[in-house]
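User: I'm new to this one, and I'd like to go through it step by step. Could you show it to me first?

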Amino acid sequence: MKRHLISAADLTRDDAVLILDTAEEMARVADRPIKKLPTLRGLTVVNLFFEDSTRTRISFEAAAKRLSADVINFSAKGSSVSKGESLKDTALTLEAMGADAVVIRHHASGAPYRLATSGWIDSAVVNAGDGTHEHPTQALLDAFTMRRRLVGRDAGLGKDLNGRRITIVGDVLHSRVARSNVQLLHTLGAEVTVVAPPTLVPIGVESWPCEVSYSLDDVLPKSDAVMMLRVQRERMNAAFFPTEREYSRRYGLDGDRMAKMPEHAIVMHPGPMNRGMEITAEVADSDRCTAVEQVANGVSTRMAVLYLLLGGSEPAVTTTSTPRIEESK
């Protein structure tokens, strides 16, 4: 593993499969009576969040604590950032406090890269979402969920998503989740198609390793997984579509559209959902929707990332029946 996790494009196929396999073992730990491992005991993980978050922040906190790390949660609201403190000075403060890893979410694209390459800190840096750029751990947990559902929990070990057809639908323009997923899924051998109104397709998308479609109905029958994206109104400064009703009619997933999907296909959503817009309650609450499963898998995947960055010089999955990592007593 590399020292930092800034972009999904930084991961090779072997890197990604190693993380997914390690996450599978971490998921088994979650099924035990004692869910903690001593792997990162004595290390400090700082959650540095400059943007609002529920799932990602809590997921990283739970992951670090299950690995016995000390966790410091930093929120820009109520901190010296609101008084005008720069990212550099915040980073120097964390370095002085002895942070071993910094999990950063920032509204500015490129902030995690700046933090990792500036020399301000010696900590490992994990990108938990930067502007409209990337969100690599979300892509990893999505790939983990797909592999479990489409290949199998045990059958998937050591395998990628070669030949699987994944469709990503919605506000691709503002979505860091879409960017990271396209990169990672391509690395894992999947065939990716993004579907969106022309106004919500990014400039330069032709250079992405994916296909582009403007018709959801055309791609549903041949999709193994359909990922619905939230329309990010908070990042919009113009009218990208006439009305919410028209958007939902053209690009929303309802029961009738879900019926066009293959029987084995799954519906995914990174959250938070706008029920009634990109996805109906009927679909969101169906057995084929993995949104809640993705949250649970997020803890296992982020445990794997932290373990490999901070504590794991060898693969956590071994060929023996006894896990290499011991339970803390």
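User: Let's start with Arg-149 and Glu-293: how far apart are the N and O atoms of their salt bridge?

Analyst: This is a predicted model, where local features need pLDDT of at least 70 and side-chain atom pairs count only at pLDDT 80 or more, while totals for chains, interfaces and linings use all residues. Residues are numbered from 1 along each chain as its sequence is written, and side-chain values use heavy atoms, with hydrogens and water left out. A salt bridge here is a side-chain nitrogen of Lys or Arg within 4 Å of a carboxyl oxygen of Asp or Glu. For the side chains of Arg-149 and Glu-293, the N to O distance is 3.0 Å.

User: Where in the chain do those two sit, and how many residues apart are they?

Analyst: Helices are DSSP runs (H or I, at least four residues) and strands are too (E, at least two), numbered from the N terminus. Arg-149 is in helix H5 and Glu-293 is in helix H11, so the pair links distant parts of the chain by the DSSP numbering.

User: Is Glu-293 buried or exposed, or something in between?

Analyst: Buried means under 20% relative accessible area, exposed means over 50%, and partly exposed is in between (1.4 Å probe, protein chains only). Glu-293 comes out at 25% relative accessibility. That makes Glu-293 partly exposed.

User: Which residues are linked in a network of salt bridges?

Analyst: Asp-31 is in the loop between H1 and E1, and Arg-153 is in the loop between helix H5 (136–150) and strand E5 (165–169). Asp-31 is exposed, with a relative accessible area of 58%, while Arg-153 is partly exposed at 34%. The network links Glu-24, Asp-31, Arg-148 and Arg-153.

User: How many salt bridges cross the interface of domain 1 and domain 2?

Analyst: The domain bounds come from an automatic or database domain assignment, which gives domain 1 as 8–132 + 294–321 and domain 2 as 136–291. The structure holds 14 salt bridges in total. Across the interface of domain 1 and domain 2, the rule finds seven.

User: What area is buried between domain 1 and domain 2?

Analyst: Buried area is the accessible area (1.4 Å probe) that two parts lose on being put together, summed over both. Carbon and sulfur atoms give 53% of it here. In domain 1, Leu-20, Thr-132 and Gln-294 lose the most area to domain 2, together 26% of what that side buries. The area buried between the two domains is about 2900 Å².

User: Which residues does Val-46 touch, not counting residues up to four places away in sequence?

Analyst: Val-46 is found in strand E1 (residues 44–49) and is buried, at 1% relative accessibility. Contact means heavy atoms within 4.5 Å. On that basis Val-46 touches Ile-72, Leu-94, Ala-99, Ala-101, Val-102 and Val-103.

User: What is the omega of the peptide bond from Gly-271 to Pro-272?

Analyst: Most peptide bonds are trans. Pro-272 is in the loop between strand E9 (266–268) and helix H10 (281–284). The bond from Gly-271 to Pro-272 is cis, with omega near -5°.
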